[in-house]
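Here are my notes for your read-through. Please keep the model open beside them and check each point as you go.

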Amino acid sequence: MPGIIVVGTQWGDEGKGKATDQLGSNVEVVVKFNGGNNAGHTVVVGGEKYALHLLPAGILTPHATPVIGNGVVVDLEALFSEIDLMESRGVDTSRLLVSANAHVIAPYNRLLDQVTEKSLGNKQIGTTGRGIGPTYADKMNRIGVRIQDLLDEEVLRQRVRGALYEKNQLLEVVYRQSPVDPDQVADELLAYADRLRPMVADTSLFVNRALAEGKTVLFEAGQAAMLDIDHGTYPYVTSSNATAGGALTGAGVGPTQISRVVGVTKAYTTRVGEGPFPTELSGAEGDHLRELGGEYGVTTGRPRRVGWFDPLVVRYANRVNGLTDVVLTKLDVLDSYDEIAVCVAYEVDGQTLTEMPMDQGSFARAQPVYQLLPGWKSDTTSVRKFEDLPAAAQDYVLFLEQQIGCRISSIGVGQGREATIIRHELG
Ligand code: GDP
Ligand code: IMO
Ligand code: MG
C-alpha cells in the first residue's frame, strides 16, 4: 500500500489529524504537502492532547519520517517553537525533513495578511493572519523566499530586497505603514539558518526513493476541498491546493504512486472564517451543536460556524479528489438528537439543484432542502463494531455513504485513537 493521500472534504477541521495518526502504525513517511501554520490538527493519544500546526500530524508516529514538502509555506519562528514544544513533551522530532523548495513566510507577509484583511472591512476573508496568502502570492509572482535561500546569505539578502521593492511602496502609500528594512528581515531569517540546515533536503527524491522501496507514504493535507484555491468557495478560501492534486505537486510525486485517497468527513459541518455555508445553524441551535462538538479553532481559538451535514459538498469533494475511502468523524457528537437533518438539495432562484452550483452567487443564495432522519439517542462512544451501533446510527451512516457515493471505511466515536469503528482497513 504505497501512497495514501488524506484530505479534508468540507471546510477543514474534519479530524484529519486523528485520521493521519490512526493510519500511523503502517506508515513510514508522512508528508505535509500544502498550507502552513494556518492548520490546526488535534491528536489525542493515551489521554494526552497534541495541537499540531506546521508539523505533520505524523510526527507522533514513532519511526515514521515526517516531511514538510515543497508545497508548504514555512514560518520559521512557528516551526522551531512547535519543535521545541513537542520535544519538551517527549516527542522525537529529529527525523524531520524540510524541502529546500518550500517557501518561507517572511515577517512582511504576516504584516500584509493583517493589514489587507483590515482594509477589506466587512469583505474580509477571516484569514488566520499567519501570512499564508501573501506568501503564496510571492511564490506565484516569483519573488518568494525559499528554504534553500537561507543557506546562502548573499542570495537571501537579494531575495528579500527584491520582495520588498514593491511591497514597501504598497505598505507606505496604500496601508500607511512604516517601510520594512530588508537587512533586518534577512538578519531575522538568518538567525534560524544553522538550526535549519541539517533538516533541509530534496524531499521529492527522499519520498520517491521511499516509494520505490515499497514503503508506505502518507500525504497529509491541511485545510479542505471547500477551502482549495481552485475548487473551494473562492475568494473565501485558503491560498493553496488542499485537494489530492496538491499532494502530487506539493510533494513532487506522480499520480501513479497513489493507491488510496482518503477523505475525512465530519458527521455534520463546520466552517471558520467568512463565506457561504448553506446548512449553517444560527442562534441557540448552532450554539448547542458547537458546544456538543467542542467546535473552537485549534489555531485561532475562534468559535467555528456549525451546521447540518451537506452531502452536496462532500459529493463534490469526492469528485475533485477521486476518493477511495471516507473516514467519518464525530458521529458521537450527534448522540443526543431526536432528529438529524441532512441536506439533500439546494433551492436556488426557484430551481432545485442536487449538485454544487457552478457559480459562487448561486451557492451563496442556496437554501437547503432537508431530509430528517431519526436520532439514536444513546451513547456511541464505547462502540467499536458497526453492528453494535444503534440501528438509527447505522442508517445515518449508510444514508451518508449513499449520498456521498464513496464507502465509509471508518467511523469516529470519540477523540482518542481507540474511539474508532473500522469497516474497511485503510492501509
Ligand atoms: P483537523 O484540522 O482536520 O485535523 O481537525 P481539528 O483537530 O481541527 O478538529 C477536529 C476535532 O475533533 C479535534 O478536537 C479532534 O480531537 C476531534 N475529533 C476527531 N475525531 C473525533 C470523533 O470521532 N469524535 C469526537 N468527539 N471528536 C473527534
Ligand atoms: P485545518 O488544517 C479551518 C480558513 C480561515 C479562512 C481561510 C483563509 O485545521 O483543517 P488563511 O489563513 O489560510 O489565508 O485563511 O481559510 N482556514 C481554515 N479553516 N481549518 C483550517 O485548517 C484552516 N486553514 C485556513 O479560517 O477562512
Ligand atoms: Mg483543524
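1. Start with His 41 and ligand 1. A polar side-chain atom of His 41 sits 2.7 Å from an oxygen atom of the ligand. Bear in mind that this is a predicted model.

2. Two further contacts involve ligand 1. One of its oxygen atoms is 2.9 Å from a polar backbone atom of Lys 330. One of its nitrogen atoms lies 2.7 Å from an N or O atom in the side chain of Asp 332.

3. How many residues surround ligand 1? There are 18. The closest are Lys 16, Gly 40, His 41, Thr 42 and Asp 332.

4. Is Gly 40 buried or exposed? Its relative accessibility is 10%, so it counts as buried, the cut-off being under 20%. Asp 13 has a relative accessible area of 22% and is therefore partly exposed.

5. The structure has 1 cavity of 30 Å³ or more. The largest cavity holds about 40 Å³. Helix 1, strand 14 (325–329) and strand 18 (408–412) each give its lining at least two residues. Among the lining residues are Lys 18, Val 327, Ile 411 and Thr 420. By class, the lining has 4 nonpolar, 6 polar and 1 charged residues.

Definitions and conventions:
Residues numbered from 1 in each chain as written. Chains lettered and ligands numbered in written order. Predicted model: local features only at pLDDT ≥ 70, side-chain atom pairs only at ≥ 80, totals over all residues. Heavy atoms only, no water. Buried < 20%, exposed > 50% of the residue type's maximum accessible area, 1.4 Å probe, protein only. 1 Å grid on protein atoms, 1.4 Å probe; cavity = no way out; pocket = protein on both sides within 12 Å on 5 of 7 lines; lining within 4 Å. Points joined across faces, edges and corners; volume = space filled by probe spheres on them. Helix = DSSP H or I, 4+ residues; strand = E, 2+ residues; numbered from the N terminus. Nonpolar A, V, L, I, M, F, W, Y, C, P; charged D, E, K, R; others polar. Near = heavy atom within 4 Å. Polar contact = N/O pair within 3.5 Å; in protein donor to acceptor, adjacent residues only side chain to side chain.
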